[in-house]
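The entries follow in the order in which I looked things up.

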Amino acid sequence: MTKEEARKEALLKRDALKEDVINSGSRIIFDKLKALLPYQEAENILIYASMRSEVITDEIISDALLEGKKVFCPKVVDRKNGIMKFVKIHAIEDLKEGYFGIREPEITDDYLEPSFEDGESIVIMPLVCFDDRKNRIGYSGGFYDRYLAKHNNLKTIAIAFECQHVEGQIHVNDFDIAPDMIVTEESIY
């Protein structure tokens, strides 16, 4: 299965999910994520702001902030070259609609990026689809692959609905980076 075929099939399935299924599945995924040691030990949470039919991340973000964790969300700074930075937020309200309709933090004069020497950090990343080997396909921008190539010591957890799991192996490129774990409402890969 090509990347484009896998991406198209998974998006059709995910976009067909009803709102109550997205809400309940997101809650189950949040509970599983919160029980994981890497999440519990992390002082820095680098996490995307969900959109459309993705696993809802607002509760994860709010919980991490309540627990005193430092939360950073991605901001696209160079679309052409697929570059993003993670910017510290203090509340969900810090996120504004940006690139591709994605909620992003604004970069101000006093913005903060994560300091990876400052405690454990994990990246909670989106995906469009994945296979049994944890090969991940995103939205085709390569933003996470480029970021993780520069910060290859970070723990990564992708979150998705089980319907995004594809049978067989997805053909990926050498630069595609698989997450350490994938959490769905049904399984942990």
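By class, how many nonpolar, polar and charged residues does the lining of the largest cavity have? I am working from a predicted model, and in it I counted six nonpolar, one polar and two charged residues in that lining. The residues concerned are Arg14, Tyr48, Glu54, Val55, Pro126, Leu127, Ile159, Ala160 and Gln164, and the space they line comes to about 40 Å³. I found one cavity of 30 Å³ or more in the structure.

The largest pocket holds about 530 Å³ of space, and of the 28 residues that line it, Tyr139, Ser140, Gly141, Gly142 and Phe143 are the closest to its centre. I noted that α5 gives the largest share of this lining, four residues, and that by class the lining has 15 nonpolar, four polar and nine charged residues.

For the second largest pocket I recorded about 210 Å³, with strand β3 (residues 83-89) giving the most to its lining, three residues. That lining divides into five nonpolar, two polar and five charged residues.

Last, I checked helix α2 (residues 19-35), whose 17 residues should span 24 Å at 1.5 Å a residue; I read 25 Å between its end C-alpha atoms, which agrees. Its buried residues are Ile22, Gly25, Ser26, Ile29, Phe30 and Leu33; because they cover an arc of only 145° around the axis, I place them on the same side of α2. The face turned away from that buried side carries the exposed residues Asp20 and Ala35, while the buried residues pack against α3, α4, β6, β9 and β10.

Notes: Residues are numbered from 1 along each chain as its sequence is written. This is a predicted model: local features need pLDDT of at least 70, side-chain atom pairs count only at pLDDT 80 or more; totals for chains, interfaces and linings use all residues. Side-chain values use heavy atoms; hydrogens and water are left out. On a 1 Å grid over the protein atoms alone, a cavity is a set of points where a 1.4 Å probe fits but cannot get out, and a pocket is an open set with protein on both sides within 12 Å along at least five of seven lines; lining residues have an atom within 4 Å of a point. Grid points are joined across faces, edges and corners, and a volume is the space filled by probe spheres set on the points. Ala, Val, Leu, Ile, Met, Phe, Trp, Tyr, Cys and Pro count as nonpolar, Asp, Glu, Lys and Arg as charged, and the others, Gly among them, as polar. Helices (H or I, at least four residues) and strands (E, at least two) are DSSP runs, numbered from the N terminus. The expected span of a helix is 1.5 Å times one less than its number of residues. Buried means under 20% relative accessible area, exposed over 50%, partly exposed in between (1.4 Å probe, protein chains only). The arc is that of the directions from the helix axis to the C-beta atoms. Contact means heavy atoms within 4.5 Å.
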